[in-house]
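The stops below proceed from one selection to the next.

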Amino acid sequence: MVQEVAHPFAKYLRSAMMPHIWCPGCGNGIVLNCFIHALDELQKDLDKLVVVSGIGCIGRTAGYTNADSFHTTHGRAIAFATGVKLANPELEVVVISGDGDLFAIGGNHFIHAARRNIGIKVICANNFNYGMTGGQQGPTTPLEASTTTTPYGNIEHPFNLVHLAAASGATYVARWTTLHVRRLTQSIKRMLQKEGFCFIEVVSPCPEIFGRRNKMRTGLEMMEWFRRASVVENFSDPSKAEISPEKIVVGEFVNTEKVSYERLLHEKIAQINEKAMGW
Amino acid sequence: MTKKRTLPTGAHFMSGDIACAEGAIAAGCRFFAGYPITPATEIAEHLSERMPEFGGIYIQMEDEIASIAAVLGASYAGLKAMTATSGPGFSLMQENIGLAVMTETPCVIVDIMRGGPSTGQPTLPGQQDVMQAKWGSHGDYGIIALAPSSVQEMFNLTIEAFNLSETYRVPTLLMGDEIVAHMWEKVVIPSASEIRIVNRKKPHVSPSEYAPFMPEDDLVPPMACFGEGYRFHATGLTHDERGYPRTQNSEVQTRLVKRLCEKINKNADKIIRVEEVMLEDADVVVVAYGIVARAALSAVRKAREAGIKAGLLRLITLWPFPEKHVAKIAGQAKAIVVPEMNCGQIVREVERAAKETPVTFLSKLGEDPHTPQEILDVIRRCS
């Protein structure tokens, strides 16, 4: 007799939302898996967790996580999350979204949330293109890459996300690929224990949409690239953290302490409140 | 009025923007996110000072898109939340107003209308955003919009906007104009116990039974907030009662979108407020709102003095449109006059509801709203 046994991590997922929408070879499942491992290892209270996503393939993560979750409009996850975190600083607010969502349409919110040091934790799955809409060029598409809107090769310089995050004031900045599952999980754990704005970039394979136009037809081929090119350079200068066919610089780049916006805010509110004597 | 944790109960001389800010606090608003813009900036300035006194939060965001997004986040985290802007910012907010509609997020958006289009006339009044208030975001939806015509109403209707927004889980718009915002007038602020406050209804089932978008008889679903243990999902995608995306299902789409419209339309009689002045025997009725209604009232009184049976229907609620009230006056009056500070917006709704009764539109753009004399001249012509 076969007995049905629930997966030990089933409690972290909304099983009614399965099957997920992701393609074979996609890295989003690995990102979600590492996130869940981190939650489990930290024994995070799921009742006090809010997962916020924008639009795009990875944007569905919010719905798949069995916590309070909100799937915003395109680019606005961080701005929405800012309201959540300030209104209830007890909540652990995690934004999981993609490179186009967070750095093209939502780029302004990213740099300002980092500058203010709002204590939200941002994980970006960087797959180098707009996957959900069929593979258009985006803010992280490498020079000369072929996409559905750069058929002659991309002529836009891509963002270096970890450099941008560090320059904007994030207190924790790391980059890993989906090959680095243990390091990524450790990194997420570290981030979840920090105050202030934190950012992890996860270089993620998109073989079906991006890879097949760029000589990496399968998830395995993309993972081979990550394996061959990745170099761990912890606390190296993030401005030099390249992503190229030859080299992907990964590691932790920033890990500093800085008082968060919400702590300053609520300390100030408490001071003013004490002085407010009544009419 | 500073460094005080209670409402400034009593009579005051204050501006419309400040009255709006005080109304928000009186309504229980404890989160404001905004971006500076004339002529709404004073609301933000005042709340930056007042919010902390009440333990509330003020944040200046990087733009209006972020402001409304943060307001939605704060509302889902359990606070009553508001933003305030003018035309250009109101345009930027439209996509997330749609998200608020779709996720049934209680929140208040104040739009202090100035001259448009585009940057237009930042320091001058207008009524050019009233159709955008109804139709500004893509897709079909019901929404509530109120039009204050005095500083006192900037206070009162801000509270009303919060109450309606909490009752129907819909973004509620306070459509002021530059004059009511910047004008200083006497305002009477009641004591807290005299102010009616409505809070969103909470779920009365366990988390495992909770469906965040399952409506009750009034077509409004009870609302859990983040961190309360319900672990629910909300999305801007078409979703079922559990909040789960159902993007390929026409039945779910029909059920959801119709309910988003009907929860406002079917409750319209409870939502709509108008002021009726000397309508009983009126031959000529002026339909007006906002600052223009003040001149209209003066014109109607002057017309009565001159022996013309004139009346005023002042629209306090713009959306849902008070079409029954207009239809009623259309049945008895010979003519309707609609003065507006635009090229003809609410007049279209009046014409639609008035059917056969002739409607005369009086447009005014720029520095000054209509004078009573200008409206009186039209009343005379129509009588």
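Select Pro19(A), which lies in the segment before α1 (28-41) of chain A; helices (H or I, at least four residues) and strands (E, at least two) are DSSP runs, numbered from the N terminus. The peptide bond between Met18(A) and Pro19(A) is cis, with omega of about 5°. The model is predicted: local features need pLDDT of at least 70 and side-chain atom pairs count only at pLDDT 80 or more, while totals for chains, interfaces and linings use all residues. Residues are numbered from 1 along each chain as its sequence is written, and chains are lettered from A and ligands numbered from 1 in the order in which they are written.

Next, move to chain B and select Trp319(B) and Pro320(B), which are also joined by a cis peptide bond, here with omega of about 0°. Pro320(B) belongs to the loop between β14 (317-319) and α11 (323-332) of chain B.

Return to chain A for two backbone angles. Most residues other than glycine have a negative phi, and most peptide bonds are trans. Select Gln43(A), in the loop between α1 and β1 (49-53) of chain A; its phi is positive, near 50°. Then select Phe128(A), in the loop between β4 (121-126) and β5 (129-130) of chain A, where phi is positive at about 75°. Which of the terms buried or exposed applies to Phe128(A)? Phe128(A) counts as buried because it has 28 C-beta neighbours inside 10 Å, and Gln43(A) counts as exposed because it has 7 inside 10 Å. A residue is buried if 20 or more other C-beta atoms lie within 10 Å of its own, exposed if 12 or fewer, and partly exposed in between, with C-beta atoms placed from the backbone.

Now display the contact between the chains. Chain B contributes 43 residues and chain A contributes 41 residues, a contact being two residues whose C-beta atoms, placed from the backbone, lie within 7 Å. On the side of chain B, the elements that give two or more residues are β2 (29-34), β3 (57-60), α3 (64-76), α4 (87-102) and β10 (233-235). Of these, α3(B) gives the most, with nine residues. Select β10(B) together with strand β2 (residues 68-71) of chain A: the two run parallel and are joined by three bridges, where pairing requires at least two bridges found by DSSP. Within this pair, Ser69(A) has His233(B) as its bridge partner.

Colour chain B by domain: domain 1 covers 10-194 and domain 2 covers 275-382, with bounds from an automatic or database domain assignment. Taken over C-alpha atoms, their centres are 26 Å apart. Between them, 21 residues of domain 1 of chain B are in contact with 22 residues of domain 2 of chain B. On the side of domain 1, α5(B) provides the largest share, four residues.

Finally, select the largest nonpolar core, which has 208 residues; such a core is a set of buried Ala, Val, Leu, Ile, Met, Phe, Trp, Tyr and Cys residues joined through C-beta atoms within 7 Å. Among the residues with the most contacts inside this core are Val84(A), Val286(B) and Ile336(B). Centre the view on Ile336(B): not counting residues up to four places away in sequence, Ile336(B) touches Val285(B), Val287(B), Ala330(B), Val350(B), Ala354(B), Thr357(B) and Val359(B).
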